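Student: Please take me through a close look at a single part of this model, and then show me what surrounds it. I would like one connected account, with the cut-offs spelled out as you go.

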Amino acid sequence: YDWPESNHGITVDHEDNVWIGGNGRGDAHILKFTRDGEFIAQYGEPGLPVDSNSTEHFGRVAEVSIDAENNLAYVADGYTHKRVAVLDVATGEMLRFWGAYGNEPSDEDLGRYDPSAEPAQQFRNPVHCAQPTNDGLVYVCDRVNNRIQVFTAEGEFVEEAFIAPETLGDGAVWDLDFSKDEDQTWIYLVDGKNQRVYVIKRDTLEIVTTFGAGGRQPGQFFGVHSVAVDSKGNLYT
């Protein structure tokens, strides 16, 4: 097996190094280690104030995903910031960042999500995933806004899909990963609020089926938070 590259807050890159994004109070940095636990680097400084336009720190990173071919790290930033940030894997340099629809990020308080309102022009917290694809796109989990937004690698908005748009509270779009065929035909999306997994056709963003139900028994979910697909096509939640 090739084990999944990414989970919530901890990622193993293509050079076998481990990236950790913190979700504790004051966490504004990413740590990088060897697999044996030897410290390599720190990107960002803890304790800095919220600033979604900063190139110096982060805001309680939810997830780091790796584009091995282009040596890039996509940061879902995060629980206090409202953006996607792109780093050079080798140096940790922040190359670019963007907000919803490719807008300049804003830390304005958007208030509670209202399903009857026009779609928000900024992400709500948390920005929970930013997953690159084989064909140069990035799929972003805007959790509380109940939407997947799709971008080019440069941050140009492509399209979006709303998932269970009446969902309040924690939102419906928690994490996603792709099937392992070359075209990455399927998206597997976990919805912790509604306690299920959606299977979505990637080219149309159409939900084909769901599985799982709420509960604490085998095969049931309670706040299903993350998903990863291994090289054999097995899902880990």
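Tutor: Leaving aside residues up to four places away in sequence, Q184 touches T133, N134, F178, S179 and R202, where contact means heavy atoms within 4.5 Å. Before going on, please keep in mind that this is a predicted model, in which local features need pLDDT of at least 70, side-chain atom pairs count only at pLDDT 80 or more, and totals for chains, interfaces and linings use all residues. Residues are numbered from 1 along each chain as its sequence is written, and side-chain values use heavy atoms, with hydrogens and water left out.

Q184 sits in the loop between β14 (175-178) and β15 (186-191); strands here are DSSP runs of E with at least two residues, helices are runs of H or I with at least four, and both are numbered from the N terminus. With a relative accessible area of 8%, Q184 is buried. On this scale, buried means under 20% relative accessible area, exposed means over 50%, and partly exposed lies in between, using a 1.4 Å probe and protein chains only. A polar atom of the Q184 side chain lies 2.7 Å from the backbone nitrogen of N134. A polar contact is a pair of N or O atoms within 3.5 Å; within protein, one must be able to donate a hydrogen and the other to accept it, and residues adjacent in sequence count only if both atoms are side-chain atoms.

V127 has D142 of β11 as its bridge partner. A disulfide, meaning a pair of cysteine sulfur atoms within 2.5 Å, is formed by C129 and C141, with 2.0 Å between their sulfur atoms. The torsion about the S-S bond of C129 and C141 is about 70°, so this disulfide is right-handed. The pair links distant parts of the chain, with C129 in strand β10 and C141 in strand β11, 12 residues apart. C129 is buried at 0% relative accessible area, and C141 is likewise buried at 0%. A search of the whole structure finds one disulfide.

At the other end, β12 (residues 147-152) and β13 are antiparallel and joined by five bridges. R147 stands opposite F162 in β13. The two strands β12 and β13 form a hairpin with four residues between them, and G155 in the turn has a positive phi of about 95°.

The side chains of R147 and D142 also meet in a salt bridge (2.7 Å, N to O), the term being used for a side-chain nitrogen of Lys or Arg within 4 Å of a carboxyl oxygen of Asp or Glu. R147 has 0% relative accessibility and counts as buried, and D142 is buried at 0% as well. Salt bridges that share partners join D142, R147 and E160 into one network.

The peptide bond from N125 to P126 is cis, with omega near 0°, and P126 is in the loop between β9 (94-98) and β10. A164, a residue other than glycine, has a positive phi near 45° and lies in the loop between β13 and β14. At 27% relative accessibility, A164 counts as partly exposed.

Conventions
Pairing = 2+ DSSP bridges.
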